[in-house]
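Dear colleague,

I am handing over the structure below, and after it I set out what was found when its atoms were examined. Please read the notes with the coordinates open beside you.

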Amino acid sequence: MKKLFIAFFCITTGLSAQLKTSVQVDEMEGTKTIRTEQVQFKNDGAKIQMAMSYTKELYVIALDFYERGVGNGCFSQYEGLIKIKLEDGTVLDFKQISDTECGDYGIVLYFPASANDLSDPNLKDVMNDNINKLSQYNWELIRIYKTEYYIELKPEPWRKNNSPQTFFKDAISSINSEL
């Protein structure tokens, strides 16, 4: 499997303890959806924007990607995975829940459990435990798996953003403040 390295660069004025959020309420069901602003990851050939959302008691990571000639492979509905390594050494697996995306542009969604966890009768507890870990620890490394290679993200400060490693903590805190 080939590896593509992308340094984490945040194209906002800097992350704080809170990210901007938008809240939508479904008029028919009254369901509340909370979404954070996007934070951008990029290098010479790929651009990835990440946001988190929450609806119906489920947190989701959304990746909006644009790759021009970076590599082959797809974000696979059945094999798609993000691995997030936290500062305490824990590695969390997030399963892709969106359709397969091939090509230069697309949006991919992941939820906080692995494919193996899907059969766990306590799946909701597993997902909540993963979100709790993300909210407690900074991240050190993210691997986004495609069918033929993976993209690696590392939290490197950029311009006014001195702490990109707090993205998940900030996103979850921002969402929880709207609940």
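**Packing around helix 1**

The buried residues of helix 1 pack against strand 5 (46-55), strand 6 (58-67), strand 8 (81-86), strand 9 (91-96), strand 11 (105-111) and helix 2 (167-176). Please bear in mind throughout that this is a predicted model. The residues of helix 1 that count as buried are Leu123, Val126, Met127, Asn130, Ile131 and Leu134. They cover an arc of only 135 degrees around the axis, which puts them on the same side of helix 1.

**The chain as a whole**

The secondary structure comes to two helices and 13 strands, and 44% of the 179 residues of the chain count as buried. Of the contacts in the chain with a separation of 6 or more, 60% are accounted for by residues 24 or more positions apart.

**Nonpolar cores**

The largest nonpolar core has 32 residues, and those with the most contacts inside it are Met52, Ile84, Ile144 and Phe168. Helix 2 supplies the largest share of this core, namely five residues. Apart from it lies another core, of five residues, among them Phe111, Ala113, Val126 and Met127.

To return to methionine 52, and leaving aside its neighbours within four places in sequence, its contacts include Ile34, Arg35 and Thr36, then Tyr59, Val60 and Ile61, and also Ile131.

**Aromatic pairs**

A search of the whole structure finds four aromatic pairs, and I describe some of them here. Tyrosine 145 and tyrosine 150 form a pair that is tilted, with 5.4 Å centre to centre and 50 degrees between the planes. Both partners are buried, tyrosine 145 with a relative accessible area of 15% and tyrosine 150 at 12% relative accessibility. The rings of phenylalanine 167 and phenylalanine 168 have their centres 5.1 Å apart and their planes at 70 degrees, so the pair is edge-to-face. Phenylalanine 167 is buried, with a relative accessible area of 1%, and for phenylalanine 168, also buried, the value is 1%.

**The disulfide**

A search of the whole structure finds one disulfide, which joins cysteine 74 to cysteine 102 with an S to S distance of 1.7 Å. Cysteine 74 lies in strand 7 (residues 74-75) and cysteine 102 in strand 10 (residues 101-102), so the pair ties together parts that are 28 residues apart in sequence. The torsion about the S-S bond of cysteine 74 and cysteine 102 is about 110 degrees, so the disulfide is right-handed. Cysteine 74 is buried, with a relative accessible area of 18%, whereas cysteine 102 is partly exposed, with a relative accessible area of 42%.

Most residues other than glycine have a negative phi. Against that background, lysine 56 has a phi near 50 degrees, a positive value in a residue other than glycine, and glutamate 57 has a positive phi of about 65 degrees although it is not a glycine. Lysine 56 lies in the loop between strand 5 and strand 6, and glutamate 57 is found in the loop between strand 5 and strand 6 as well. At 60% relative accessibility, lysine 56 counts as exposed, while glutamate 57 is partly exposed, with a relative accessible area of 49%.

**Two further positions**

Tyrosine 110 is found in strand 11 and, at 0% relative accessibility, counts as buried. The C-alpha atoms of tyrosine 110 and glutamine 96, 14 residues apart along the chain, are separated by 4.2 Å.

Leucine 179 lies in the segment after helix 2 and is exposed, with a relative accessible area of 54%. Leaving aside its neighbours within four places in sequence, leucine 179 is in contact with Lys32, Ile34, Tyr54 and Tyr59. The C-alpha atoms of leucine 179 and valine 23 are separated by 9.8 Å, although these residues are 156 residues apart along the chain.

With best regards

Terms used:
Residues numbered from 1 in each chain as written. Predicted model: local features only at pLDDT ≥ 70, side-chain atom pairs only at ≥ 80, totals over all residues. Heavy atoms only, no water. Buried < 20%, exposed > 50% of the residue type's maximum accessible area, 1.4 Å probe, protein only. Helix = DSSP H or I, 4+ residues; strand = E, 2+ residues; numbered from the N terminus. Arc of directions from axis to C-beta. Contact = heavy atoms within 4.5 Å. Disulfide = S-S within 2.5 Å. Core = buried A, V, L, I, M, F, W, Y, C linked by side-chain atoms within 4.5 Å. Phe/Tyr/Trp six-rings, centres within 6.5 Å; stacked < 30°, edge-to-face > 60°.
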